[in-house]
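Please read this briefing alongside the sequence and the 3D view, which are shown just below.

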Amino acid sequence: MLNTVAEYLYDQTSLYSLCWILLLSYGLYLLAKLFRFVTRYSYIRWRLPGPKLDHPIFGMKVARIDRKSLAKLENTIKDYPRFGRMIYGPIFSIMVTGPEVAQQIFNQVESKNKTFVYMMTPWLGNGLVFSEGTIWKRNRKLLTPTFYYQSLINFVKIMNKSSDRMIEVINRDSNGKDPIEFVPLIHNMTLEVILNCICSKGSDLQLNIDTNSREMTYVEGLEKIRQGMEERFSSFFSIFDIIFYRKNVGKEFARGAKMTKQYIVSLIQEREENPREESNKSDYDMLDLLTRSRDEEGNGLTQKEIIDELNTFVFAGHDTTGAASSFVFYHLAKYPELQEKCREEVLSVMGGRDEIEWKDIAKFTYLTCFIKETMRLYPPVMFISKMLNKPFTIDGHKIPANVSLDISIGLIHRNASHWPDPDKFDPSRFKDENIEKHHPYAFIPFSAGSRNCIGQNFAMSEIKIITARLLKKFQVSLQDGYDIDITVKVVLSPSDNLPLLFSPL
Ligand code: HEM
């Protein structure tokens, strides 16, 4: 009996000791983490250069991006033309504002900052934008041929067809006296283009909208996703899954992610049932190219990978080009003489023809300068974020691992040390004779290095085609007294629907 009691007490004591040891170890682990955080925080806050903080505890004020806050940031950063530390309460990062520092990072730091990626994975999965390491390397190689010359030639035809439909919509809806809202118009057009490039079935989202069509279910799903993302970026508590998915907007986001996935799955299944002949290789769309691509071992992408990549292409490929085109049309309307210069060039390249061919695109030299200058001032992707997985030295300052480096494309593009009179709209900065004067990383709307934008030729072709096609048909102008403001809805966009006057020529 005594033996059993002693054994029992012994067992209890060792259980208690074990619990204490575990608790103590966990406490020590937390203490070590806190110590690491405090040393990193103090070093970054007090030893690195950076703008004055608005508050001793909360650090810098988080402001919604608009023209006023952008101008304020531009002004603050003037004293930090290479980089500056940013503090938001317990969150800190290094904001990169100089092209030389950006170049050093692009060449040496591969890993992305994945802190907020969890918000997008239910929708984009592990597509090219988020994947890393060997998966990213393999898939980037498999996806690159999607944007080769032969494919782009086919995509140019699709872009022309969608421009035709957009011209028809403008002719139908515009009386030449009242403005029409450009943003929804261009977003429908760029979405139609990318859906037709994925699956060349002739989707028509602009003229004959069939509300019951699969495409419209996709559009509806995408809208739910967009609203969900806006909520997550604008409300602090919505960054936590546990709160976001309890809200209606969160539930709708999840539904939207499912709807868009279902659409892509139905396209894949349909293509599997009716595969395209090998002899029609020159007409392959993105779906053909992705389902048929093979690596060195002869393995293709899995169905999940194809879904994730196509979802990524649709979003990355239409929201960005829609936003960039909106800013291009705003500038055309704001500067009528420059608009005329662009039109003269379009007419001299096109003559009496309407349809733009691949070979025409390279001849739009002034229009290219105009588009680039627009993207310098309003780059759709304002910043990209890398996470240090080992210490990194900038200008003699050793930045510890696990610190985020935010390359601010928006501020690099307005850095007065590289762009004299940076807020002035001046397309001649991009003329051949001036291009040599710029640092190669002073203009990076499509990022740079190995993780640069895979769709940049596609995007530039699309923006040039839609601009040239519309300039041939319409004079674009602003309503008296109108001025644009900006906001970030995942990508930088006009804050309103951009009312523009289209007068037939
Ligand atoms: C004006 C239009 C566009 C702009 C400004 C733009 C900008 C960018 C930027 C800055 C990145 C780097 C993002 C990062 O590192 O976090 C990127 C990556 C990417 N973009 Fe674009 N993009 C545009 C159009 C497109 C189009 C049309 C497509 C496809 C159809 C596309 C597909 C992608 C993909 C898949 C990536 C990830 C590449 C990788 O990590 O290997 N983009 N884009």
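What follows describes the ligand site and then a sheet with its helices.

This is a predicted model, in which local features need pLDDT of at least 70 and side-chain atom pairs count only at pLDDT 80 or more, while totals for chains, interfaces and linings use all residues. Residues are numbered from 1 along each chain as its sequence is written, and side-chain values use heavy atoms, with hydrogens and water left out.

**Ligand site**

- Of the 25 residues around the ligand, those that come nearest are K112, W136, R140, R451 and C453, where a residue is near if one of its heavy atoms lies within 4 Å.
- The shell around the ligand divides into 16 nonpolar, six polar and three charged residues, with Cys and Trp counted as nonpolar, Lys and Arg as charged, and Gly as polar.
- The largest share of this shell, five residues, comes from α12, and α5 (133-143), α12 (303-334) and α18 (456-473) each supply at least two residues; helices (H or I, at least four residues) and strands (E, at least two) are DSSP runs, numbered from the N terminus.

**Iron atom**

- C453 (SG), at 2.3 Å, is the only protein donor of the ligand's iron atom, donors being N, O and S atoms within 2.8 Å of the metal (3.2 Å for Na, K and Ca), and water is not among the atoms, so sites may look incomplete.
- C453 lies in the loop between α17 (432-435) and α18.

**Sheet**

- An open sheet of three strands has the order β3-β11-β8 with antiparallel pairing, where two strands pair if DSSP finds at least two bridges between them.
- The edge strands, each pairing on one side only, are β3 (180-181) and β8 (474-477).
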